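Here are my notes on this one, jotted down while going through the coordinates. Have the structure open while you read.

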Amino acid sequence: MLASRRWLAFGSLLLICLLTGPAFAGKYNKALSVGDAAPEFKGLEDADGKTYSLADYKDKDVVVVVFSCNTCPTAVDYEDRIIALTTKFADKAAVVMINSNKVEGDLLPQLGEKAKAKKFNFPFVHDDDAQSTAKAYGATFTPEFFVLNKERKVVYMGAFDDKTKAGEVTAHYVADGIAAALAGKEPAVTETVARGCTVRYVRQRTKNSK
C-alpha cells in the first residue's frame, strides 16, 4: 500500500514536471516556434549611426531577419546570395542583417567597411551589448534566417538553402518562404538546421568564477 502511494506521488510529480518544465520551442530552435510572433528589435545601429527597428518596416509584407557576421567563412559565402534575394523581392520584402558578435572584425567600423565594399542593399547592424536580439530569436549560427509574414509571425527559420556551395543548391528555403508568405500560405519547409559558425555569445560569469 505504501509503495503504491509512493508510485502515485512520483507519477504526479513527473506529470507536473512534463507540463511545466522547459522544452524546446521549435524543432531546432530553443526560443521560437514557427507561427510565433517575431521578437521586436529596436534601435539597432549601423556604422553610419542610423538605427533600425522591426516597426520601421510596416510597409513591407515580409521581413527577413538574418544573423550573420564578418568573421565566418560560411557567412561570407552567402553575402552575394543575400544581395540577390534582396533585389528579387525588393518591392514587398525587406532584409535586415544583424551581427551579434563582439569580437574584433565584427564591430561597427568593420560592419561599415564590409557594407560599403560589398554594396549591401540592406542594413547591416550590430546587436546591443547584451546580444538581446540574437537571444530573443534563438539564433545559433551565422548565417541564420527568419522569414516574417505581414503579421510579423515566423513562417520559416533556419538555413538559406540546402547547400553551402552555390552551384549545388537544389532547395531555396528562404526564397520559398518569402514567396509563400506573400501568397498568404505556409511554405513546404518551415524549419531547417542553419549551417555556419556559431554565434559568439559572451560568457556570463558567475560570482564564484574567476
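1. Let's begin with the sulfurs. Cysteine 72 and cysteine 197 are joined in a disulfide, with 2.2 Å between their sulfur atoms. Bear in mind that this is a predicted model. The S-S torsion for cysteine 72 and cysteine 197 is about 85°, so the bridge is right-handed. It ties together distant parts of the chain: cysteine 72 belongs to the loop between β3 and α2 (73-77), cysteine 197 belongs to strand β9 (residues 197-198), and the two are 125 residues apart.

2. The two ends of that bridge sit in unlike surroundings. Cysteine 72 has 1% relative accessibility, so it counts as buried. Cysteine 197, at 26% relative accessibility, counts as partly exposed.

3. What about cysteine 69: is it buried or exposed? Cysteine 69 is buried, at a relative accessible area of 1%. Searching the whole structure turns up one disulfide.

4. On to the inside. The largest nonpolar core has 27 residues, and those touching the most other members are Val64, Ile82, Leu85, Val147, Val174 and Ile178. Two or more residues each come from β3 (62-67), α3 (79-88), β4 (93-99), β7 (144-148), β8 (154-158) and α6 (173-182). Which element gives the most to this core? That is α6, with five residues.

5. Setting aside neighbours within four places in sequence, isoleucine 82 is in contact with Val66, Val95, Met97, Phe122, Phe145 and Phe160. Apart from the core that holds Ile82, there is another one of 22 residues, including Leu32, Leu54, Val63 and Val65.

6. Now the overall picture. The protein has six helices and nine strands, and buried residues make up 44% of its 210 residues. Among contacts with a separation of 6 or more, 76% are between residues 24 or more positions apart. The accessible surface comes to about 11900 Å², and 56% of it belongs to carbon and sulfur atoms.

7. Last, confidence. The average pLDDT of the protein is 88, and 85% of the residues score at least 70. Over residues 1-24, though, the pLDDT is below 50, and this stretch has three contacts in the model beyond near neighbours in sequence.

Terms used
Residues numbered from 1 in each chain as written. Predicted model: local features only at pLDDT ≥ 70, side-chain atom pairs only at ≥ 80, totals over all residues. Heavy atoms only, no water. Core = buried A, V, L, I, M, F, W, Y, C linked by side-chain atoms within 4.5 Å. Buried < 20%, exposed > 50% of the residue type's maximum accessible area, 1.4 Å probe, protein only. Helix = DSSP H or I, 4+ residues; strand = E, 2+ residues; numbered from the N terminus. Contact = heavy atoms within 4.5 Å. Disulfide = S-S within 2.5 Å. pLDDT = per-residue confidence, 0-100. Areas by Shrake-Rupley, 256 points an atom, 1.4 Å probe, with all protein chains shown as cover.
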